[in-house]
Amino acid sequence: MSAASDLLPRLILASSSPYRKELLSRLRFPFETMVPNIDETAHADETPPATALRLAKNKASVIATHASGALVIGSDQVATMDGEQIGKPGNHDNALRQLQKMRGRSVIFHSALCLLDSRKHHEEDGAIQVENITTLVTFRNLPDHELDAYLRIEQPYDCAGSAKNEGLGIALIEKIESTDPTALTGLPLIALTTMLRRAGMPFFTA
């Protein structure tokens, strides 16, 4: 590790997702991953964006309690259609029903991001930065046999919306509209780099 990297604050990704890990590695900062153990159940009175933001913040907060002086990244994603949350299907039959319901229609994905700076103690000082990035995804109107075949190939049963856009699931999608191209995969890098800059992380040094 270089002398320059020794001066960087400890950076932790509060996630077990290999996709978020791959995205964060693009920024070329040394970082660790830690898995937050939290209840991800939505509250009855919450809007989908509020759920995503609360969970992103909770994930970062849980890890920060064990990592004094670190910058901790928390992220969470909630998918909605017609105002109703679309959860992780868990199995093939549920996933097929999700894809049947979404085909030919648009789904909103709320990708919430939190950067918690445990070197600081007050939100007004920038200790916690949060943002929600929305992505509108329009699915192709595909027949049942194609949806069933896709699910058997990729088995995206742990993904809200039953499709992995970073894999073969991109073939189910007709259009993606977002201000942050990596938000749909789960870690909005444009928003994150803005937060990291505010926290004093140097991106380009001689």
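**Briefing: fold, helix packing and selected residues**

Along the sequence, the protein follows the pattern α-β-α-β-α-β-β-α-β-β-α-β-α. Its radius of gyration is 18 Å, close to the 17 Å that the globule rule gives for 206 residues, so the protein is as compact as a globular protein of that length. The model is predicted. In total there are six helices and seven strands.

**Overall dimensions and surface**

- Taken along the principal axes, the C-alpha atoms of the protein fill a box of roughly 55 × 40 × 25 Å.
- Of the 206 residues, 48% count as buried.
- The accessible surface comes to about 10,600 Å², and carbon and sulfur atoms account for 50% of it.
- Among contacts between residues at least 6 apart in sequence, 68% join residues at least 24 apart.
- The protein carries 21 positive and 25 negative side chains. The centres of these two sets lie 3 Å apart.

**Helix 2**

- Helix 2 spans residues 18-25, and its buried residues are Arg 20, Leu 23 and Leu 24.
- Viewed down the axis of helix 2, these buried residues fall within an arc of 95°, so they line one face of the helix.

**Helix 4**

- In helix 4 (residues 92-102), the buried residues are His 92, Ala 95, Leu 96, Gln 98, Leu 99 and Met 102.
- They cover an arc of only 160° around the axis, which puts them on the same side of helix 4.
- The cover over the buried residues of helix 4 includes strand 3, strand 4 (84-86), strand 5 (106-117) and strand 6 (128-139), along with helix 5 (144-154).

**Helix 6 and Leu 189**

- The buried residues of helix 6 are Leu 189, Ala 191, Leu 192, Thr 193, Met 195 and Leu 196.
- Elements that cover these residues of helix 6 include strand 1, helix 2, strand 3, strand 5 and strand 6.
- Leu 189 counts as buried because its relative accessibility is 11%, and a residue is buried under 20%.
- Not counting residues up to four places away in sequence, Leu 189 touches Leu 23, Arg 26, Leu 27, Asp 180 and Thr 182.
- Leu 189 and Gln 100 are 89 residues apart along the chain, and their C-alpha atoms are separated by 31 Å.
- Just after helix 6, Gly 200 has a positive phi of about 95°.

**Loop between strand 3 and strand 4**

- Asp 82 is placed in the loop between strand 3 and strand 4.
- Although Asp 82 is not a glycine, its phi is positive, at about 55°.
- Asp 82 has a relative accessible area of 59% and is therefore exposed, the cut-off being over 50%.

**Loop between helix 5 and strand 7**

- Gln 155 is found in the loop between helix 5 and strand 7, and Leu 168 is found in the loop between helix 5 and strand 7 as well.
- Gln 155 is another residue that is not a glycine and has a positive phi, here about 45°.
- With a relative accessible area of 48%, Gln 155 is partly exposed.
- Leu 168 is partly exposed, at a relative accessible area of 42%.
- Leaving aside neighbours within four places in sequence, Leu 168 is in contact with Tyr 150, Ile 153 and Glu 154.
- For Leu 168 and Glu 154, which are 14 residues apart along the chain, the C-alpha atoms are separated by 7.2 Å.

**Strand 7 and Glu 174**

- Glu 174 lies in strand 7, which runs over residues 173-178.
- Glu 174 counts as exposed, with 52% relative accessibility.
- Apart from residues up to four places away in sequence, Glu 174 touches Thr 138, Phe 139 and Arg 140.
- Glu 174 and Val 137 are 37 residues apart in sequence, while the C-alpha to C-alpha distance is 7.7 Å.

Technical notes: Residues numbered from 1 in each chain as written. Predicted model: local features only at pLDDT ≥ 70, side-chain atom pairs only at ≥ 80, totals over all residues. Heavy atoms only, no water. Helix = DSSP H or I, 4+ residues; strand = E, 2+ residues; numbered from the N terminus. Rg over C-alpha atoms; globule rule 2.2 N^0.38 Å. Buried < 20%, exposed > 50% of the residue type's maximum accessible area, 1.4 Å probe, protein only. Contact = heavy atoms within 4.5 Å. Areas by Shrake-Rupley, 256 points an atom, 1.4 Å probe, with all protein chains shown as cover. Lys, Arg positive; Asp, Glu negative; His and termini not counted. Charge placed at Lys NZ, Arg CZ, Asp CG, Glu CD. Arc of directions from axis to C-beta.
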